Amino acid sequence: MAKITLIIASVTATFTYVLAADIVLSRSFPSCGYVGGQIYCSGGDTSPSLTSGNVIDPTLYSLNISNFDGKSSDSMSNQWNKVVPSSPFQTESRRTPTSIVLSDGKRFLIQGGHNMYGNKFSNQSIMYDTSSNTWSKASSYVIAGVGTKQM
Ligand SMILES: *[C@@H]1O[C@H](CO)[C@@H](O)[C@H](O)[C@H]1NC(C)=O
Ligand SMILES: *[C@@H]1O[C@H](CO)[C@@H](O)[C@H](O)[C@H]1NC(C)=O
């Protein structure tokens, strides 16, 4: 009987894989940030109707645009990577959130958005750290008479 040896590769901090263009559905209202030569996009409504749809894709995608110097933008459409964070985190379905890249040049913050159900978000503001491949929620503060907020 043959002997089978399993080789388990070490897991690197950032795990991405390239997706075919037709797998990354077109969408409206994603949250994007340009960090470290990559465009990161999270969320967005993939439904074809802007008024009745609410098909939020919570996946985080990245596009390494340093590979595309001098090429047409069409050549990028099949180069999106699916980012698998190093630990699970529920980003929650968000339509029309705001996003900003933080001054450390590593993280981008996504704030609020509309979840179409009238519910409050568990984590109003969330951050993705491109250097550690992790999501976290922003710290909270309390406004008297209003309640807990995050920023
Ligand atoms: C992006 O692409 C450039 C050029 O191929 C490469 O040097 C760089 O390592 C890539 N960055 C990441 C984060 O994959
Ligand atoms: C909220 O943040 C916590 C970490 O503080 C995380 O575990 C969770 O996945 C996030 N999302 C929800 C919906 O709780």
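Me: What should I know about the numbering and the kind of model?
Reply: Residues are numbered from 1 along each chain as its sequence is written, and chains are lettered from A and ligands numbered from 1 in the order in which they are written. This is a predicted model, in which local features need pLDDT of at least 70 and side-chain atom pairs count only at pLDDT 80 or more, whereas totals for chains, interfaces and linings use all residues.

Me: How many helices and strands does the chain have?
Reply: Helices (H or I, at least four residues) and strands (E, at least two) are DSSP runs, numbered from the N terminus. This chain has zero helices and eleven strands.

Me: How do I read the pairing of strands, and which strands form the open sheet?
Reply: Strands of a sheet pair through backbone hydrogen bonds, either parallel or antiparallel. Two strands count as paired if DSSP finds at least two bridges between them. Here four strands form an open sheet in the order β6-β7-β8-β9, with antiparallel pairing. β6 (98-101) and β9 (134-137) stand at the edges with a single partner strand each, so one side of each is left without a neighbour in the sheet. Four bridges join β8 (residues 125-129) to β9, and Met127 stands opposite Ser136 in β9.

Me: Which strand forms a hairpin with β2?
Reply: β2 forms a hairpin with β3, with two residues between them, and Gly36 in the turn has a positive phi of about 55°. The two strands run antiparallel, joined by five bridges, and Cys32 stands opposite Cys41 in β3.

Me: Which residues of β2 lie on its covered face, and which on its uncovered one?
Reply: In a regular strand the side chains alternate between the two faces of the sheet. In β2 (residues 31-35), Ser31, Gly33 and Val35 form the covered face, while Cys32 and Tyr34 form the uncovered one.

Me: How many residues has the largest nonpolar core?
Reply: In soluble globular proteins, nonpolar side chains tend to be buried together. A residue is buried if 20 or more other C-beta atoms, placed from the backbone, lie within 10 Å of its own, exposed if 12 or fewer, and partly exposed in between. A nonpolar core is a set of buried Ala, Val, Leu, Ile, Met, Phe, Trp, Tyr and Cys residues joined through C-beta atoms within 7 Å. The largest such core here has 14 residues, and those with the most contacts inside it are Tyr40, Leu60, Tyr61, Trp80, Phe108 and Tyr128. β3, β4 (60-64), β7 (107-111) and β8 each give two or more residues to this core, and β4 gives the most, with three.
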